[in-house]
Amino acid sequence: MGSRTGARRAAAALGCAGLLCAVLGAVMVVMVPSLIKQQVLKNVRIDPSSLSFDMWKQIPVPFYLSVYFFHVLNPNEVLQGGKPQVQERGPYVYREFRHKSNITFNDNDTVSFLEYRSFQFQPHKSRGLESDYIVIPNILVMSAAMMMEDRPMSLKLMMTLAFTTLGERAFMNRTVGEIMWGYEDPLMNLINKYFPNMFPFKGKFGLFAELNNSNSGLFTVFTGVKDFSRIHLVDKWNGLSKVSFWHSDQCNMINGTAGQMWAPFMSPESSLEFYSPEACRSMKLVYKEAALFEGIPTYRFVAPSTLFANGSVYPPNEGFCPCRESGIQNVSTCRFSAPLFLSHPHFYNADPVLAEAVAGLHPNPEEHALFLDIHPVTGIPMNCSVKLQLSLYMKAVRGIGQTGSIQPVVLPLLWFGESGAMEGKTLQSFYSQLVLLPKVLHYAQYVLLALGCVLLLVPIVYQIRSQVGGGRSVAQAERPTACLLGERGAGL
């Protein structure tokens with residue numbers, strides 16, 4: 001009797017535990033998605049108490065700038081009207097350091113900041129040294145020549161004389177370090193003397209001189225603390241809600257984020273939009289595929305084929321014109337009127353005539369397409385590689401002898417890739433808190449439900465077995481009595 005009572009109590013206890021597990025599991029099914037969402041919202045907003053604030057303030061991901069130069073092999077032939085032949089040199093790799101300063105929280109749910117960048121050469125990652133010499137077009141000479149194209153012949157002849165006196169030529173042979181970070185040029189000194197506001201360079205001239213140890217402008221972005229719908233979106237850049245470089249309101253709009261974090265809870269229908277001060281415009285990337293990065297689910301976003309398309313191919317880009325062939329964007333209006341063009345490396349995704357006009361170019365998506373891998377739940381980049389090319393439009397200008405007989409061509413100067421991937425302790429912390437923990441909670445709710453259902457069956461099964469066992473005992477007790485009566489009857 002005592003053993004049956006103990007078994008009954010054990011079954012009842014297991015049933016209670018099962019009910020508790022089932023209730024807890026059901027509550028988790030309802031509550032966990034909401035709790036995870038609240039935790040994500042709390043930790044991705046720009047607030048000193050959020051998990052991602054330190055990551056936003058000083059990006060812990062090691063970023064690298066890889067620069068490839070297009071060394072001109074036949075400058076003399078180009079001056080005589082020949083087809084340019086280039087050789088890709090590099091990469092010359094720099095470690096990129098970023099940190100935000102002047103962080104100011106405003107009353108309208110925004111925060112303003114300056115982000116400073118500095119670069120440190122990495123010889124062990126590079127294929128070459130900063131002392132390597134590269135032959136490229138003399139940007140100052142060719143730009144000045146193009147600006148003088150429609151001016152009176154007398155001015156052109158004076159410029160030719162000035163170029164000759166200063167020893168300026170259409171092509172120059174400079175070191176990588178000089179091209180990147182600046183070199184003394186007598187023409188630069190002359191321009192700064194008589195046209196002091198023409199160029200942003202006050203000393204040396206270099207393609208990346210204005211980026212090193214400087215900031216990319218004052219950004220004001222929404223924090224998402226009061227209004228989550230606008231989290232990370234740019235409110236103003238340098239006090240402007242739109243720029244004035246282009247010829248349409250749509251092209252001048254400052255859309256998207258500052259290019260570091262995006263709104264969480266993405267879907268394949270989402271797009272990545274950000275404002276790039278270097279390109280002087282907003283850019284939009286589109287979803288390509290889902291993947292995994294170090295066990296973390298990601299969405300890959302890539303540039304659409306229309307990103308640098310001209311106005312005739314993609315009418316919304318008409319505001320970026322005057323345009324040339326499709327696939328290159330004229331950035332002269334925001335680059336001191338120099339005839340510079342932005343595109344994908346090797347004119348990938350551009351009109352084929354551009355790559356055909358220069359020997360030595362080999363566009364392909366594996367090496368020259370850009371991408372960003374984003375964790376869709378948080379909107380935080382896991383792995384990215386942004387690749388862009390800078391080219392110079394050049395041709396012979398009648399009256400300026402230094403331009404010779406150069407045939408019109410968009411000649412690539414260099415292309416660069418900015419890449420970074422989350423790693424080390426930052427990756428482990430991100431994975432454990434924002435990927436592993438939600439995954440454990442997700443599976444725990446169903447495990448509790450299943451366990452609860454199994455334990456709830458224990459008292460039910462016990463009850464059924466008890467009833468079946470009790471009926472069988474009564475039948476067995478009656479059978480010997482009947483047998484005994486039968487035996488007695490036979491004896492009588």
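**Cavity linings and cysteine pairs**

Colleague: Which residues line the second largest cavity?

Modeller: This is a predicted model, in which local features need pLDDT of at least 70 and side-chain atom pairs count only at pLDDT 80 or more, whereas totals for chains, interfaces and linings use all residues. Residues are numbered from 1 along each chain as its sequence is written, and side-chain values use heavy atoms, without hydrogens or water. A cavity is a set of points on a 1 Å grid over the protein atoms alone where a 1.4 Å probe fits but cannot get out, and lining residues have an atom within 4 Å of a point. The lining consists of Arg281, Leu307, Phe308, Ala309, Asn310, Asn317, Phe320, Cys323, Ile328, Gln329 and Asn330.

Colleague: Which element gives the largest share of the lining of the second largest cavity?

Modeller: Strands (E, at least two residues) are DSSP runs numbered from the N terminus. Three residues of this lining, the largest share, come from E11.

Colleague: How many residues of the lining of the second largest cavity are charged?

Modeller: Ala, Val, Leu, Ile, Met, Phe, Trp, Tyr, Cys and Pro count as nonpolar, Asp, Glu, Lys and Arg as charged, and the others, Gly among them, as polar. The lining holds six nonpolar and four polar residues, and the number of charged residues is one.

Colleague: What is the handedness of the disulfide of Cys280 and Cys334?

Modeller: A disulfide is a pair of cysteine sulfur atoms within 2.5 Å, and Cys280 and Cys334 are joined at an S to S distance of 2.2 Å. The torsion about their S-S bond is about 90 degrees, so the disulfide is right-handed.

Colleague: What is the relative accessible area of Cys323?

Modeller: Buried means under 20% relative accessible area, exposed over 50%, and partly exposed in between (1.4 Å probe, protein chains only). Cys321, joined to Cys323 by a disulfide, is buried at 10%. Cys323 is partly exposed, at 31%.

Colleague: How far away from Cys251 is the nearest cysteine sulfur?

Modeller: In sequence order, the bonded cysteines of the chain pair as 1-4, 2-3. Cys251 is in no disulfide, and the nearest cysteine sulfur, belonging to Cys321, is away by 8.4 Å.

Technical notes
On a 1 Å grid over the protein atoms alone, a cavity is a set of points where a 1.4 Å probe fits but cannot get out, and a pocket is an open set with protein on both sides within 12 Å along at least five of seven lines; lining residues have an atom within 4 Å of a point. Helices (H or I, at least four residues) and strands (E, at least two) are DSSP runs, numbered from the N terminus.
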